[in-house]
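Here are some notes to read alongside the model, for anyone opening it for the first time. Keep the 3D view to hand and click through the residues as they come up.

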Amino acid sequence: MSLKNPRKKSTLAVKGRQTKWAPVWTILRKFGPGKRIHPSALTHVKRSWRRTKLHVKPRNARPNHYG
């Protein structure tokens, strides 16, 4: 079974990886063991499916009624 829209799915996969928090060891490395900082403070790209939409457009497919 093939994917319905592979380009859209791959784009969403990339954007989903960009929302992840930084690993815990980076906080220890940057701020030291005494600091209590949330891992999301170090992430470069912050996205939320509730706050902002990704506006991923589907690829241009031929209409079904063209045959």
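1. Leaving out neighbours within four places in sequence, R47 is in contact with K15, Q18, T19 and L54.

2. Some ground rules. This is a predicted model, where local features need pLDDT of at least 70 and side-chain atom pairs count only at pLDDT 80 or more, while totals for chains, interfaces and linings use all residues. Residues are numbered from 1 along each chain as its sequence is written, and side-chain values use heavy atoms, with hydrogens and water left out.

3. Now the overall picture. The helices are α1 (6-17) and α2 (24-31), with a loop between them. Of contacts between residues at least 6 apart in sequence, 47% join residues at least 24 apart.

4. How much of the chain is buried? Buried residues account for 10% of its 67 residues, where buried means under 20% relative accessible area, exposed over 50%, and partly exposed in between (1.4 Å probe, protein chains only). The accessible surface is about 6500 Å², and 56% of that belongs to carbon and sulfur atoms. Those areas come from the Shrake-Rupley method with a 1.4 Å probe; for residues, only the protein chains shown count as cover.

5. Take a look at W21, in the loop between α1 and α2. W21 counts as exposed because its relative accessibility is 54%. Even so, W21 touches H38, P39, S40 and T43, not counting residues up to four places away in sequence.

6. From C-alpha to C-alpha, P23 and P39 are 6.6 Å apart in space, and 16 residues apart in sequence.

7. Next comes T26, in helix α2. Is T26 buried or exposed? At 17% relative accessibility, it counts as buried. A polar atom of the T26 side chain lies 2.5 Å from the backbone oxygen of P23.

8. T43 belongs to the segment after α2. With 13% relative accessibility, T43 counts as buried. Which residues does T43 touch, not counting those up to four places away in sequence? They are K20, W21 and A22. The T43 side chain also reaches the backbone oxygen of S40 at 2.9 Å.

9. Finally, back to R47, which is likewise placed in the segment after α2. R47 counts as partly exposed because its relative accessibility is 27%. The C-alpha atoms of R47 and G16 are 8.5 Å apart, although the two residues are 31 apart along the chain.

Key
Contact = heavy atoms within 4.5 Å. Helix = DSSP H or I, 4+ residues; strand = E, 2+ residues; numbered from the N terminus. Polar contact = N/O pair within 3.5 Å; in protein donor to acceptor, adjacent residues only side chain to side chain.
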